[in-house]
Amino acid sequence: MKRVRAAVVGGGIIGVAVARQLTRSLGNVDVTVFEKESELAAHQTGHNSGVVHAGLYYEPGSLKARLCRRGVELLQEFTAGKGMDYEECGKVVVAHNASELGRLEAIHGRAIANGVPDVRMINADELAAVEPHARGMAALHSPRTAIVDYRAVTNALAQDVADAGGAVALGVAVTGIEQRGPEIRVASTRGTEAYDLVIACAGLQSDRLAHASGDPANPRIVPFFGDYYLLRPEKRGLVKGLIYPVPDPRYPFLGVHLTKRIDGAIMVGPNAFLAAGREAYRRVQVSPGDLGEVLGFPGFWRFAAGNLPTAAREARLVASSRAFVEEARKYVPELQAGDVTRGPRGIRAQAMARDGSLVDDFVITGTNRLVHVRNAPSPGATSSMAIAEHIVSEAMDRASLS
């Protein structure tokens, strides 16, 4: 049988998981992963909090819910097989008033429908037993929610790709993709090469790469940064696992929460505010081209007009560390402004439609032999290996590669 030449664009966890799945699903495949940075997991994968989401929030039966639950299973198996750290530290979603309690009970119903193991509603006394320093009138407890190091997982997945004969091309930027008959031609900083199958998982650059290869311009990626603070080491005892707010439907983002990291650090955050560049991780960094593109997109202004209270709240959190900590104090009252130091910044590749709505589910487009992952929101990292199964299975069927 003719060997299949496959390329994956993007060295985040989803791209590398797709490459690994190709080597497992197609015995006659030569896989190359293109990553423009000098290391894997350099963007969203390497800047998140490391939570393995259990599937509490998602519409039962939706692709997001199904891929999340399958992703957890695969991630558990993978980390166990590699001897990697995987800690079920547990999560509480805390309600402070009756309106939040109603929403929390609805989340509980979704979690049960999604098959989240051991999830239950707990009262204030039970909350104190799980998280002694947390306060609320009730909470949803998910004891099997876990944490992991997604950067380490990505590198372990890449090792599997290499062991199967695949190649990981670091420091090679893809500049264009063009379909010519049965071949897909990939132009990069090392030249132009032909492939039978190309799967682009380009994250923060996904819309640009897709549009350049013939896809519609929308949805667009609008970058939002999220800053984290870190609890000082002597204050880590205030949090045992993950302490989250009940999502407020008036706001498009989750809000400040407290998250244990696999190395023992406790993260407080993130906020969510328009980033001055798709890869502007430094707080003074600005990309005029990226910013101008957002400001010239009508969908952004429609989004902004409908979310002025959110913008005001998030601007306050950007400007004031004290205000930032006050958000977290709603759940852990003992926390003080002096208990934190400034931590890392992540940038979320938020897909936005032209009408200003945020695209909340996975968006996968393309042709039989060229696939674009246009949107892979949270729980994208959790679901990475399940997303890879889904994409590769569909690609094999459409391209008749099986």
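So, at roughly what angle do the axes of helix 1 and helix 11 cross? Before I answer, some housekeeping. This is a predicted model, where local features need pLDDT of at least 70, side-chain atom pairs count only at pLDDT 80 or more, and totals for chains, interfaces and linings use all residues. Numbering runs from 1 along each chain as its sequence is written, and side-chain values use heavy atoms, with hydrogens and water left out.

Okay, the helices (DSSP runs of H or I, at least four residues, numbered from the N terminus). Helix 1, residues 13–25, and helix 11, residues 384–399, cross at roughly 50°, and their axes come within 8 Å. Axes here are lines fitted to C-alpha atoms over the stretch in contact, with angles from 0 to 180 degrees between N-to-C directions.

Who touches whom? In helix 1, the contact residues include Ile14, Val18 and Leu22, and in helix 11 they include Ile387, Ile391 and Val392. Contact means heavy atoms within 4.5 Å.

Now helix 9, residues 308–319, and helix 10, residues 321–329: their axes are 5 Å apart, at an angle of about 115°. Arg316, Leu317 and Ala319 in helix 9 meet Ser321, Ala323, Phe324 and Glu327 in helix 10.

Glu327 comes up again in the second largest pocket, being among the lining residues closest to its centre, together with Glu100, Arg313, Lys330 and Tyr331. Helix 3, residues 98–113, gives the largest share of that lining, 3 residues. A pocket, on a 1 Å grid over the protein atoms alone, is an open set of points where a 1.4 Å probe fits, with protein on both sides within 12 Å along at least five of seven lines; lining residues have an atom within 4 Å of a point.

How values were computed. Helix = DSSP H or I, 4+ residues; strand = E, 2+ residues; numbered from the N terminus.
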